Amino acid sequence: MTEPHKRLYPQDTRYFRVLALLLLSALSACALISQYDPTSYQNATNLKAEALLLVEKAKEPPGMHTTAIDGLRLKLLQAYEYERGKGDPNRITVEQWKRLSDPEGALLGGFLRKWTSENQGQSDAFLKGLSKNVGEAFDQIIKLESAKVKN
C-alpha cells in the first residue's frame, strides 16, 4: 500500500510565508535608505565645525554673534530641507536633522534659542556638555551618510 500524499495545512505554509517575506525584504533593502550623497556629507561636517566653534563663543553674550547665529540657523534649515527633498528613503537622516535643529529641543536649535532669549553668556560646564552632545548628534548624521551605499 502506498503512503497517502501529505496535505499542507495553513500552519505548514507559515514557514514559506516567512521565508518569502524575508526574501522580499532582502531584495528591497536597497530602496529603504537613500544613496550616499557627498553634498550631505559635506554639509554635516562643515556645519559640525561651525556649530562647535560658535558654542565655544557662547561664553559671551549673543549680541556679538548675531550674524553667526542667524547664519547657522539658516544653514541648519537649508541642510534639513535638502535632506527632506530626497523623499521617504531619507527619513532617518531628516529626523536626525530635525532633532538637532529643533528650537524646543535640547541640542543645537534649543541652545541657540536659549542663548539668544537669555541674552547672556553661558557657563563653561553647560557649554562643555552641550558641545559633547551636539558633536555626537552631528557624528550620527555623518556616520549614517558614510554608511550609505556609494555608487
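In the predicted model, Ser40, Tyr41, Ala44, Thr45, Leu47, Lys48, Ala51, Leu52 and Val55 of helix H2 contact (heavy atoms within 4.5 Å) Leu127, Leu130, Ser131, Val134, Gly135, Phe138, Asp139, Ile141, Ile142, Glu145 and Ser146 of helix H6. The residues of this contact comprise 12 nonpolar, five polar and three charged. Ala, Val, Leu, Ile, Met, Phe, Trp, Tyr, Cys and Pro count as nonpolar, Asp, Glu, Lys and Arg as charged, and the others, Gly among them, as polar. The axes of H2 and H6 lie 9 Å apart, at an angle of about 175°. H2 is therefore roughly antiparallel to H6 (angle over 145 degrees).

The model is predicted; local features need pLDDT of at least 70, side-chain atom pairs count only at pLDDT 80 or more, and totals for chains, interfaces and linings use all residues. Residues are numbered from 1 along each chain, and side-chain values use heavy atoms, without hydrogens and water.

Helix H3 spans residues 66–84. Its 19 residues reach 27 Å from first to last C-alpha, close to the expected 27 Å (1.5 Å times one less than the number of residues). Ile69, Leu72, Leu76, Ala79, Tyr80 and Glu83 are the buried residues of H3 (under 20% relative accessible area, 1.4 Å probe, protein chains only). Viewed down the axis of H3, they fall within an arc of 100°, so they line one face of the helix. Their cover includes helices H2 (38–56), H4 (91–101), H5 (108–118) and H6 (124–147).

Asparagine 119 sits in the loop between H5 and H6. Its phi is near 55°, a positive value in a residue other than glycine. Most residues other than glycine have a negative phi.

How values were computed: Helix = DSSP H or I, 4+ residues; strand = E, 2+ residues; numbered from the N terminus. Buried < 20%, exposed > 50% of the residue type's maximum accessible area, 1.4 Å probe, protein only. Arc of directions from axis to C-beta. Axes fitted to C-alpha atoms, helices over the stretch in contact; angles between N-to-C directions. Parallel < 35°, antiparallel > 145°, perpendicular 65-115°, else oblique.
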